[in-house]
Each structure stands twice: as structure tokens, then as C-alpha cells.
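The following note sets out numbered comments on the structure shown below. The points proceed from the overall composition to individual side chains.

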Amino acid sequence: MLNTVEMADDYFSTNFMNRDVWNKISAEDKAILIETAENDINAALRTSNIDSNVISQSKPYTAYQAAVFEWAVYMYTNKAKLNQITNNRIFGATSVTVDGIGRETYVSGTGNGGNNGGAIISVIKNSPAGKYLGMICQDVRIIR
């Protein structure tokens, strides 16, 4: 794990939107959330090889770190929603309609991660973490 609870604590100390939520989470859960968030963000970036040079030990944190921290708190506050999306995709649901209320459509899984992975990556990209993912320049190399 490249990011630490201490880094996340420092990041959220000046984050108006999520400071109170983050401070209520136990230290054990924070560590689990950060590790899970790192894995999810790496999957969204389609890599498992994050160079330690993209990790800042203090503010300002990199876009990669902000994405990890924001996804960690998003997972905590939206656990039930994420479980529902995951379960619906696993069981093959493509949409759910409730008369008079509306319709929820699930993305089809594409690329690495299967159906479940595609749905979660779509949520990441549409969550607050997604704005930071958009700041990350993908390294493109052509090998001949």
C-alpha cells in the first residue's frame, strides 16, 4: 500500500465535504478502505504498477492520491449502494424499474474485471474520485 492512513488524515483535515465523515471512521477501517480504494483505482487505471514517485508524503497530494482518498470515503458512505450494484450485475440484471419512481440501468462489464468490475469502474469514474482520475495523464509507449 503506497498511501497511509496518516496521509489520508492529513488530506481530509482540509477537505470541507468529507472531513467529518472521515474522522468518524475507525483507524482499522481507514486502513482497509485505503487499501481497497488503491486496488479499485489501480483497476480503473488498468495497472497494478504505480510508481512511488507519484506519491507525495505531504500536501499537496497528487491526483492519484486524491482519487484514492475520495474513493475510500465514497465507498464508506455508499456501501449499500455499491453492494446493490455489484449484486445486481452478478445476477445478470441490466436494469431495475419501479413504477412511478424511475429506472436504474447498470453498465455492462467490459474489459478487465468482468461484469462486476465494469460496473464498479463506472461508479468510480462518476464519483468524486473520477474528477481526479481525469487529471492523470496515461503513459502511452509504443514498442517496436
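This is a predicted model: local features need pLDDT of at least 70, side-chain atom pairs count only at pLDDT 80 or more; totals for chains, interfaces and linings use all residues.

1. The chain contains 7 helices and 2 strands. Taken in sequence order, these elements follow the pattern α-α-α-α-α-β-β-α-α.

2. Of the 144 residues in the chain, 38% are buried. With regard to contacts between residues at least 6 apart in sequence, 64% join residues at least 24 apart.

3. Helix α1, which spans residues 5-13, packs against helix α4, which spans residues 63-77. Their axes lie 11 Å apart and form an angle of about 85°. Angles of 65 to 115 degrees count as roughly perpendicular, and α1 and α4 are therefore described as roughly perpendicular to each other. On the α1 side, the contact is made by Met7, Ala8, Tyr11 and Phe12. On the α4 side, it is made by Gln65, Ala66, Phe69, Glu70 and Val73. Classified by residue type, the contact of α1 with α4 comprises 7 nonpolar residues, 1 polar residue and 1 charged residue.

4. Aromatic pairs number 6 in a search of the whole structure. For tyrosine 11 and phenylalanine 12, the ring centres are 5.0 Å apart and the planes stand at 80°, so this pair is edge-to-face. Both tyrosine 11 and phenylalanine 12 are buried. Ring pairs also connect Tyr11 and Phe12 with Trp22, Tyr61 and Phe69 in a cluster.

5. The structure holds 2 salt bridges. In one of them, the side chains of aspartate 9 and lysine 30 meet with an N to O distance of 3.0 Å. This pair links distant parts of the chain, since aspartate 9 belongs to helix α1 and lysine 30 to helix α3, 21 residues apart. Lysine 30, by contrast, has a relative accessible area of 8%; because buried means under 20%, lysine 30 is buried.

6. A salt bridge is also formed by lysine 59 and aspartate 10, whose closest N and O atoms are 3.7 Å apart. Here too the pair links distant parts of the chain: lysine 59 is in the loop between α3 and α4, aspartate 10 is in helix α1, and the two are 49 residues apart. Lysine 59 counts as partly exposed at 36% relative accessibility. Aspartate 10 is likewise partly exposed, with a relative accessible area of 29%. In general terms, side chains of opposite charge can pair when their charged atoms come close.

7. Is alanine 37 buried or exposed? Alanine 37 counts as buried because its relative accessibility is 0%. Leaving aside residues up to four places away in sequence, alanine 37 touches Val68, Trp71, Ala72 and Met75. The C-alpha atoms of alanine 37 and isoleucine 124 are separated by 9.8 Å, although the two residues are 87 residues apart along the chain.

Key: Residues are numbered from 1 along each chain as its sequence is written. Side-chain values use heavy atoms; hydrogens and water are left out. Buried means under 20% relative accessible area, exposed over 50%, partly exposed in between (1.4 Å probe, protein chains only). Contact means heavy atoms within 4.5 Å. Axes are lines fitted to C-alpha atoms, for helices over the stretch in contact, and angles run from 0 to 180 degrees between N-to-C directions. Helices (H or I, at least four residues) and strands (E, at least two) are DSSP runs, numbered from the N terminus. Angles under 35 degrees count as roughly parallel, over 145 as roughly antiparallel, 65 to 115 as roughly perpendicular and the rest as oblique. Ala, Val, Leu, Ile, Met, Phe, Trp, Tyr, Cys and Pro count as nonpolar, Asp, Glu, Lys and Arg as charged, and the others, Gly among them, as polar. Rings of Phe, Tyr and Trp (its six-membered ring) pair if their centres lie within 6.5 Å; planes under 30 degrees apart count as stacked, over 60 as edge-to-face and the rest as tilted. A salt bridge is a side-chain nitrogen of Lys or Arg within 4 Å of a carboxyl oxygen of Asp or Glu.
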